[in-house]
Amino acid sequence: MKDAAPQMILLSEYQAPDWRVEEVELSFDLDPEDTRVLSRMRVRRVAGSPGAPLRLHGQELERLRLEIDGAAPVADAVTEDADGLLLQGLPDRAEIVIETRLRPAANTALEGLYVSGGSLCTQCEPEGFRRITYFPDRPDVLTRYRVRLQADAARYPVLLANGNRVEAGELPEGRHYAVWEDPFPKPSYLFALVAGDLACESDRFVTRSGREVALEVYVEHHNRERCVHALASLARAMRYDEEAFGREYDLDVYMIVAVDDFNMGAMENKGLNLFNAKYVLASPDTATDSDYVHIESVIAHEYFHNWSGNRVTCRDWFQLSLKEGLTVFRDQEFTTDNTLFGVKRIDDVQRLRAFQFPEDAGPLAHPVRPDRYAEINNFYTMTVYEKGAELIRMLRTLIGRETFRRGLDAYFERFDGQAVTTDDFVAVMAEASGRDLELFKRWYTQAGTPRVTARAAFDAASGTLRIDVEQRTPPTAGQREKAPLHIPLRVALLGRNGRSLSGRLGEAAEAREWVLELTSAAQSFHLSGLAEAPAALSWLRGFSAPVLLDAGQGSAELAHLVAFDDDAFVRWDAAQSLLRRAVIARVDGDADTALEATLTEAMAALLDDSSVEPVLLAALLELPAHRELMEWFEQADPVAVHAARRQTERAVFGPTAQALRRCQPALESVDNGEFTAAAMGHRRLLNQVLGMRVALEAEGAVEIAARQYREARSQTLRMGALAALNDAEHPLREELLEDFERRYRDDPLVLDKWFALQAGSQVPGGLERLDRLLEHPGFRWSNPNRVRAVLGPFMAANHRHFHREDGEGYRRIGAFVERLDGLNPQTAARLVQPMTRWRRLDPARGLQMRTELERLAGLEGLSRDLNDMIQRALAQGHDR
């Protein structure tokens with residue numbers, strides 16, 4: 001293996017820019033084969049940096065012209081290197097004119113200016129603007145943009161850019177132009193343009209101050225009818241941001257453009273959001289309830305960035321969570337309050353445990369605010385986004401909702417138009433609350449998931465419960481030594497009758513819920529004034545901290561929580577703990593029949609309890625995800641874990657067959673197309689129970705699933721039926737999948753669902769089926785959605801074939817990664833991530849996966865994105 005350690009960029013070496021860009025004018029003569037970009041920028045040297053050169057970043061650009069103050073520069077004034085241009089000897093103020101030529105049609109990396117379908121569009125975060133023109137492409141250089149676009153009027157009748165349109169008109173030879181001005185200074189990563197033949201669905205929104213804002217969603221003409229939900233979601237998000245966070249929109253128009261080829265979910269460019277089409281387009285026939293929720297969430301997320309990311313942005317890319325963690329928190333609050341209510345928190349924790357916790361425990365572990373990186377594209381991670389949101393939520397828990405809101409208002413007002421840091425954010429919260437948050441800041445700089453151990457002892461004579469708590473964070477890559485964190489543990493006590501008990505924490509007033517603030521390695525807390533010994537402790541209520549908790553709770557205590565706790569997360573978590581123990585026992589080769597009997601009794605009671613909301617019941621019935629289960633072993637055979645999970649489901653739920661059938665909602669009563677929490681909850685329960693009944697081989701379950709597929713009027717129930725049958729070796733599976741492909745072969749987003757089902761199926765012939773999918777006429781290596789739809793489920797869900805004992809599954813993925821790296825390095829780097837977990841596999845499989853990574857590492861010409869991922873995966877050494 002060649003030595004290819006990537007060069008690191010360090011936070012400790014950050015230096016403020018020596019130059020400011022006062023304003024920039026960009027003129028685009030647009031053509032997919034030959035686009036000309038004329039940039040005119042006025043720059044000013046920052047006081048205190050005499051003689052400093054001006055760095056203009058540029059990548060894969062053809063420079064046609066460079067002028068400084070109207071003249072060509074002298075020969076030794078310009079140095080060109082791998083990062084772009086370095087201009088020496090400039091006066092303190094200068095006007096720089098640069099003309100470049102781009103070839104968007106050849107840009108398969110989908111960074112900078114590229115072609116998607118028949119449109120031209122951009123993606124500039126984090127470092128795509130340097131693929132458009134030479135510029136100080138860093139987030140702490142903010143300026144105002146004036147942009148002129150001109151193109152063929154018939155081919156590109158729609159010309160869009162950031163801000164407000166101030167001018168438009170016709171040009172000779174069938175061309176036209178539009179001029180856009182953004183009055184708000186922004187960094188280059190927020191620049192955007194779109195040119196295409198697109199349909200526009202529009203609406204109006206009146207802000208709380210009475211301003212009218214045009215809302216516009218641009219899509220391909222045949223998708224025009226599928227924008228209704230996106231527009232409604234945008235209006236709800238705008239109103240919510242005013243009411244919940246006091247933030248009002250600031251431009252005359254808010255535009256969303258849906259594109260088919262996009263590396264990420266969406267991009268919050270100021271006033272002109274570009275979206276992966278899957279997060280815009282929806283109709284009951286083409287989108288599931290989950291799709292509807294994700295569209296609403298992503299629309300809200302990008303809109304909320306208008307303040308948490310655009311008006312106040314990050315100083316450098318190490319501070320990425322400043323905007324992303326805060327905005328994820330805001331969109332989670334929005335979805336909780338508007339759509340999913342109690343189970344939104346459960347869904348978020350499931351995702352955190354299945355993806356972020358493993359990230360924190362593997363070779364890619366990094367702090368929420370990293371201190372180094374080789375390729376910033378590889379740090380758009382669950383840690384930066386979702387764990388970053390958990391840090392915001394913990395802050396709110398510690399200082400209180402009202403104080404948090406005051407602090408957030410102060411943050412936006414103080415730093416409007418600036419590029420700042422996570423330290424700045426925490427300092428404002430400390431000021432607003434009057435609390436010392438220095439220890440809390442350690443969450444931003446220390447990687448890893450803390451392990452918290454808690455034990456409780458009740459003294460009947462004094463009516464006091466003593467709780468002893470310890471914390472420990474395991475070593476992670478690059479951080480061997482760990483220090484204690486400030487951890488808020490929200491707790492309550494349940495009595496024998498299932499009701500909460502009141503008591504006092506220290507000298508505080510009597511309450512029924514408390515926040516234990518753990519700030520050292522070991523600490524004790526005392527709850528006094530208790531009328532009886534608690535039957536159960538309700539820990540981490542609302543998942544108050546992203547930790548792994550061992551509270552020493554037995555099966556009876558956990559079953560009590562499942563039956564009675566009024567906190568939906570704790571109730572679900574107790575069920576997950578019981579189910580997890582049962583699966584682990586089977587993996588270890590010794591089924592715990594007593595535990596499984598306890599689970600059967602608890603689940604039967606839930607199935608017969610009409611007071612349990614359907615959406616919560618669906619969550620309670622679901623076993624822990626395979627990916628999460630793998631994290632409970634130092635090493636494990638993934639196929640054996642999958643088998644143990646299925647065996648546990650049979651053992652626990654087999655005896656509840658009649659109760660499952662009784663609680664399954666009738667198809668005709670829930671297939672109503674309503675996008676409400678109640679309606680979605682009933683459909684979620686129907687699909688969950690149907691899948692379980694097919695897996696349990698209940699009599700007639702396959703036929704019921706087939707009937708649901710044929711009679712369903714919504715994609716939610718059609719996909720629910722197919723998902724239930726996807727691992728069933730039954731002729732109906734093939735028949736229905738063929739029908740689905742015929743029905744939706746011309747709809748790329750819906751066909752992605754078909755690809756995903758086929759790739760993730762455990763039925764025999766997995767590799768042959770994978771080959772057929774890659775040869776399907778609808779598959780395109782250049783489309784990230786399609787690549788993810790096939791290869792993602794194959795690795796994540798198809799344990800039987802991806803983890804074949806002969807290692808062929810790993811070799812196939814390695815070959816696909818190699819192919820993709822030449823087309824789209826970002827997609828290749830994300831695709832290889834499951835293989836970075838090779839140390840968690842049993843020795844034979846781990847060796848095969850590592851060998852494939854080493855083969856890739858030895859290739860010449862790897863992208864920086866992929867090379868960084870592979871080097872980090874192998875960096876901790878080869879010994880287990």
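Lys323 is buried, with a relative accessible area of 1%. In this predicted model, Lys323 forms a salt bridge with Glu324, and the closest N and O atoms lie 2.6 Å apart. Glu324 is buried as well, at 2% relative accessible area. The total number of salt bridges is 93.

Other pairs join separate helices. Arg393 and Glu333 form a salt bridge with a closest N to O distance of 3.6 Å. This pair links distant parts of the chain, since Arg393 sits in helix α5 (residues 382-399) and Glu333 in helix α3 (residues 320-340), 60 residues apart. Both residues, Arg393 and Glu333, are buried. Arg586 and Glu596 also meet through their side chains in a salt bridge, at 2.7 Å from N to O. Here Arg586 belongs to helix α10 (residues 568-587) and Glu596 to helix α11 (residues 593-607). Arg586 is partly exposed at 23%, whereas Glu596 is buried at 5%. A network of salt bridges links Glu23, Glu25, Arg40, Arg42 and Glu95.

Next comes a sheet. Seven strands form an open sheet with mixed pairing, in the order β5-β8-β3-β2-β11-β14-β13. Because β5 (62-68) and β13 (164-171) each have a single partner strand, one side of each has no neighbour in the sheet. From one strand to the next the twist averages 15°. Strands β2 (residues 19-29) and β11 (residues 143-152) pair in the parallel sense over seven bridges, and Phe28 stands opposite Leu149 in β11.

Leu110 lies in the loop between β8 (93-102) and β9 (112-116). Leu110 counts as buried because its relative accessibility is 4%. Beyond its neighbours within four places in sequence, Leu110 contacts several residues, including Gln123, Phe262 and Asn824.

Technical notes
Residues numbered from 1 in each chain as written. Predicted model: local features only at pLDDT ≥ 70, side-chain atom pairs only at ≥ 80, totals over all residues. Heavy atoms only, no water. Helix = DSSP H or I, 4+ residues; strand = E, 2+ residues; numbered from the N terminus. Buried < 20%, exposed > 50% of the residue type's maximum accessible area, 1.4 Å probe, protein only. Contact = heavy atoms within 4.5 Å. Pairing = 2+ DSSP bridges. Axes fitted to C-alpha atoms, helices over the stretch in contact; angles between N-to-C directions. Salt bridge = Lys/Arg side-chain N within 4 Å of Asp/Glu carboxyl O.
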